[in-house]
Amino acid sequence: MATLVNLVTSYGYWGIFACLAVGIFGIPMADEVLLMGAGYLVSIGELQALPTGLAVIVGSFCGISLNYVVGRTIGSKLLALIGKFFPSRLSKLDYVVDWFR
(Lines give C-alpha, C1' and ligand atoms only; values in the text may rest on other atoms or scores of the structure.)
Protein backbone atom coordinates (compact mmCIF):
# COMPACT_ATOMS: atom_id res chain seq x y z
CA MET A 1 0.00 0.00 0.00
CA ALA A 2 2.88 2.33 0.77
CA THR A 3 4.23 1.78 -2.74
CA LEU A 4 0.87 2.78 -4.22
CA VAL A 5 0.71 5.97 -2.17
CA ASN A 6 4.31 6.75 -3.04
CA LEU A 7 3.63 6.21 -6.75
CA VAL A 8 0.61 8.51 -6.78
CA THR A 9 2.24 11.24 -4.70
CA SER A 10 5.46 11.08 -6.74
CA TYR A 11 3.99 10.86 -10.23
CA GLY A 12 0.54 12.38 -9.67
CA TYR A 13 -1.81 11.91 -12.60
CA TRP A 14 0.59 9.60 -14.45
CA GLY A 15 0.79 7.41 -11.37
CA ILE A 16 -3.00 7.13 -11.21
CA PHE A 17 -3.10 6.33 -14.93
CA ALA A 18 -0.40 3.64 -14.62
CA CYS A 19 -1.98 2.01 -11.56
CA LEU A 20 -5.37 1.75 -13.22
CA ALA A 21 -3.98 0.59 -16.57
CA VAL A 22 -1.88 -2.16 -14.98
CA GLY A 23 -4.35 -3.04 -12.22
CA ILE A 24 -6.75 -4.64 -14.69
CA PHE A 25 -4.18 -7.38 -15.38
CA GLY A 26 -4.71 -8.83 -11.94
CA ILE A 27 -2.04 -7.05 -9.93
CA PRO A 28 -3.22 -7.23 -6.33
CA MET A 29 -4.15 -3.61 -6.00
CA ALA A 30 -7.66 -2.44 -5.25
CA ASP A 31 -8.75 0.19 -7.76
CA GLU A 32 -11.37 1.42 -5.33
CA VAL A 33 -8.73 2.24 -2.73
CA LEU A 34 -6.73 4.09 -5.38
CA LEU A 35 -9.80 6.10 -6.38
CA MET A 36 -10.61 6.96 -2.77
CA GLY A 37 -7.03 8.10 -2.25
CA ALA A 38 -7.14 10.17 -5.41
CA GLY A 39 -10.42 11.71 -4.27
CA TYR A 40 -8.88 12.58 -0.94
CA LEU A 41 -5.91 14.21 -2.66
CA VAL A 42 -8.35 16.24 -4.78
CA SER A 43 -10.31 17.28 -1.67
CA ILE A 44 -7.22 18.61 0.10
CA GLY A 45 -5.99 20.40 -3.01
CA GLU A 46 -2.99 18.20 -3.87
CA LEU A 47 -4.52 17.21 -7.21
CA GLN A 48 -7.03 18.91 -9.50
CA ALA A 49 -10.37 17.26 -10.19
CA LEU A 50 -10.46 17.39 -14.01
CA PRO A 51 -7.00 15.91 -14.70
CA THR A 52 -7.58 13.29 -12.01
CA GLY A 53 -10.88 12.29 -13.60
CA LEU A 54 -9.28 12.11 -17.03
CA ALA A 55 -6.41 9.99 -15.68
CA VAL A 56 -8.93 7.61 -14.11
CA ILE A 57 -11.07 7.29 -17.24
CA VAL A 58 -8.20 7.00 -19.71
CA GLY A 59 -6.22 4.65 -17.45
CA SER A 60 -9.17 2.30 -17.06
CA PHE A 61 -9.95 2.42 -20.78
CA CYS A 62 -6.35 1.68 -21.77
CA GLY A 63 -6.07 -1.15 -19.25
CA ILE A 64 -9.30 -2.80 -20.37
CA SER A 65 -8.41 -2.41 -24.07
CA LEU A 66 -4.92 -3.82 -23.57
CA ASN A 67 -6.32 -6.71 -21.55
CA TYR A 68 -8.77 -7.47 -24.37
CA VAL A 69 -6.05 -7.41 -27.03
CA VAL A 70 -3.79 -9.70 -25.00
CA GLY A 71 -6.68 -12.08 -24.37
CA ARG A 72 -7.61 -12.22 -28.06
CA THR A 73 -4.04 -12.73 -29.28
CA ILE A 74 -2.42 -15.09 -26.78
CA GLY A 75 -5.30 -16.06 -24.54
CA SER A 76 -6.18 -19.34 -26.27
CA LYS A 77 -2.53 -20.40 -26.44
CA LEU A 78 -2.07 -19.67 -22.76
CA LEU A 79 -5.24 -21.56 -21.83
CA ALA A 80 -4.14 -24.55 -23.91
CA LEU A 81 -0.81 -24.55 -22.08
CA ILE A 82 -2.40 -24.28 -18.64
CA GLY A 83 -5.21 -26.66 -19.62
CA LYS A 84 -2.78 -29.57 -19.65
CA PHE A 85 -2.80 -29.42 -15.86
CA PHE A 86 -6.61 -29.09 -15.60
CA PRO A 87 -8.17 -31.18 -18.41
CA SER A 88 -11.68 -31.12 -16.93
CA ARG A 89 -11.68 -27.31 -16.94
CA LEU A 90 -10.52 -27.23 -20.54
CA SER A 91 -13.53 -29.28 -21.69
CA LYS A 92 -15.83 -26.84 -19.87
CA LEU A 93 -14.08 -23.96 -21.62
CA ASP A 94 -14.67 -25.61 -25.00
CA TYR A 95 -18.37 -25.90 -24.12
CA VAL A 96 -18.58 -22.19 -23.27
CA VAL A 97 -16.71 -21.14 -26.43
CA ASP A 98 -19.08 -23.23 -28.54
CA TRP A 99 -22.05 -21.71 -26.72
CA PHE A 100 -20.85 -18.19 -27.50
CA ARG A 101 -20.35 -19.02 -31.18
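Me: A helix here is a DSSP run of H or I with at least four residues, numbered from the N terminus. In this predicted model, which helix holds arginine 89?
Reply: Happy to start there! The stretch to look at covers residues 87–100, and arginine 89 falls inside that range. The element is helix 5.

Me: Is arginine 89 buried or exposed?
Reply: The cut-off for exposed is over 50% relative accessible area. Arginine 89 has 58% relative accessibility, so this residue counts as exposed.

Me: How far apart in space are arginine 89 and methionine 36, C-alpha to C-alpha?
Reply: Along the sequence, 53 residues separate the two. In space, the C-alpha to C-alpha distance between arginine 89 and methionine 36 is 37 Å.

Me: Stepping back, what pattern does the protein follow along the sequence?
Reply: The protein has five helices and zero strands. Read in order, that gives α-α-α-α-α.

Me: What radius of gyration does the protein have?
Reply: A compact globule of 101 residues would come out near 13 Å. The C-alpha trace here spans about 55 × 25 × 20 Å along its principal axes. For the protein itself, the radius of gyration is 18 Å.

Me: What share of the 101 residues is buried?
Reply: Buried means under 20% relative accessible area for a residue. Across the 101 residues of the protein, the buried share is 20%.

Me: On to packing: is helix 2 roughly parallel or roughly antiparallel to helix 4?
Reply: The axes of helix 2 (residues 13–23) and helix 4 (residues 49–83) come within 7 Å and cross at roughly 25°. Angles under 35 degrees count as roughly parallel. Helix 2 is therefore, relative to helix 4, roughly parallel.

Me: Is the crossing of helix 2 and helix 3 left-handed or right-handed?
Reply: Helix 2 and helix 3 (residues 31–43) pack at about 165°, with axes 10 Å apart. An angle over 145 degrees counts as roughly antiparallel, so helix 2 is roughly antiparallel to helix 3. Helix 2 passes helix 4 in a right-handed crossing, whereas the crossing of helix 2 and helix 3 is left-handed.

Me: Which residues of helix 3 make the contact with helix 2?
Reply: On the helix 2 side, the contact uses Ile16, Cys19, Leu20 and Gly23. By class, the contact of helix 2 with helix 3 has six nonpolar, one polar and one charged residues. The helix 3 side is made by Asp31, Leu34, Leu35 and Ala38.

Me: Last one: which residues does threonine 52 touch, leaving out those up to four places away in sequence?
Reply: Threonine 52 lies in helix 4. With 6% relative accessibility, threonine 52 counts as buried. Its contacts beyond four places in sequence are Tyr13, Ile16, Ala38, Val42 and Leu47.

Notes: Residues are numbered from 1 along each chain as its sequence is written. This is a predicted model: local features need pLDDT of at least 70, side-chain atom pairs count only at pLDDT 80 or more; totals for chains, interfaces and linings use all residues. Side-chain values use heavy atoms; hydrogens and water are left out. Axes are lines fitted to C-alpha atoms, for helices over the stretch in contact, and angles run from 0 to 180 degrees between N-to-C directions. Helices (H or I, at least four residues) and strands (E, at least two) are DSSP runs, numbered from the N terminus. Angles under 35 degrees count as roughly parallel, over 145 as roughly antiparallel, 65 to 115 as roughly perpendicular and the rest as oblique. A crossing is left-handed if the near helix is turned anticlockwise from the far one by less than a right angle, and right-handed if clockwise. Contact means heavy atoms within 4.5 Å. Ala, Val, Leu, Ile, Met, Phe, Trp, Tyr, Cys and Pro count as nonpolar, Asp, Glu, Lys and Arg as charged, and the others, Gly among them, as polar. The radius of gyration is taken over C-alpha atoms; the globule rule is 2.2 Å times the number of residues to the power 0.38. Buried means under 20% relative accessible area, exposed over 50%, partly exposed in between (1.4 Å probe, protein chains only).
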